[in-house]
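Hi,

Here is the structure I promised to pass on.

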Amino acid sequence: MRGIDGLGSMSQNSLQLIKRAQQARAKAYAPYSGYKVGAAILAEDGKIYSGCNVENSSYGLTICAERVALFKAISAGQRRFKAVAIFTDGPATPCGACLQTLAEFSPRMEVYLASREGGVKRLNLRDLLPQPFKIEDNQ
Ligand code: THU
């Protein structure tokens with residue numbers, strides 16, 4: 001797979017998740033920014049759901065790849081997740097809106113950041129968003 005060679009230490013499951021994110025990226029609808037993103041999320045039961053960014057001529061209606069993947073999973077009945085992989089052009093971290101949305105369900109999931117430039121960064125969602133908004137904390 002181009003871009004993520006030399007990752008001998010990664011498990012087959014992680015590589016599979018990254019591959020699904022890369023495949024989803026190919027479906028991105030990004031005519032305005034030209035920036036294509038793919039995401040794949042691994043539910044606790046082992047199922048994978050993928051998504052791409054979907055832009056709109058009314059720019060603010062654009063939805064990120066991470067949320068497309070997550071919402072597909074949620075609408076299939078999933079609620080708990082082990083990991084998410086994101087595949088972009090160059091190394092990038094998910095936007096704050098996506099971090100908050102992911103944290104709603106599994107604030108400690110693993111996050112794999114992969115790009116066409118190669119290499120994969122493995123992080124935990126809690127490191128990217130240590131203090132997600134929780135309604136209970138604000139009542
Ligand atoms: N985008 C994502 O899909 N995920 C992110 O976490 C950040 C940004 C998309 C939205 C838009 O289509 C393009 O990347 C440029 O912002």
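Predicted model: local features only at pLDDT ≥ 70, side-chain atom pairs only at ≥ 80, totals over all residues.

Below is what turned up around the ligand and in the pockets.

Residues are numbered from 1 along each chain as its sequence is written, and side-chain values use heavy atoms, with hydrogens and water left out.

So, which residues are around the ligand? They are Ser33, Tyr35, Val37, Asn53, Glu55, Thr62, Cys64, Ala65, Glu66, Pro94 and Cys95 (a residue is near if one of its heavy atoms lies within 4 Å). By class, this shell has 6 nonpolar, 3 polar and 2 charged residues. Here Ala, Val, Leu, Ile, Met, Phe, Trp, Tyr, Cys and Pro count as nonpolar, Asp, Glu, Lys and Arg as charged, and the others, Gly among them, as polar.

Now for some distances to ligand oxygen atoms. An N or O atom in the side chain of Glu55 is 2.5 Å from one. For Asn53, a polar side-chain atom lies 2.9 Å from a ligand oxygen, and with Cys95 a polar backbone atom is 2.9 Å from one.

Where does the ligand sit? In the second largest pocket (more than half of its atoms lie within 2 Å of the pocket's grid points). A pocket here is an open set of points on a 1 Å grid over the protein atoms alone, where a 1.4 Å probe fits, with protein on both sides within 12 Å along at least five of seven lines; lining residues have an atom within 4 Å of a point. This pocket holds about 170 Å³ of space (the volume filled by probe spheres set on the points, which are joined across faces, edges and corners). Of its 14 lining residues, Tyr35, Val37, Cys64, Glu66 and Cys95 are closest to the centre.

Cheers

Terms used: Polar contact = N/O pair within 3.5 Å; in protein donor to acceptor, adjacent residues only side chain to side chain.
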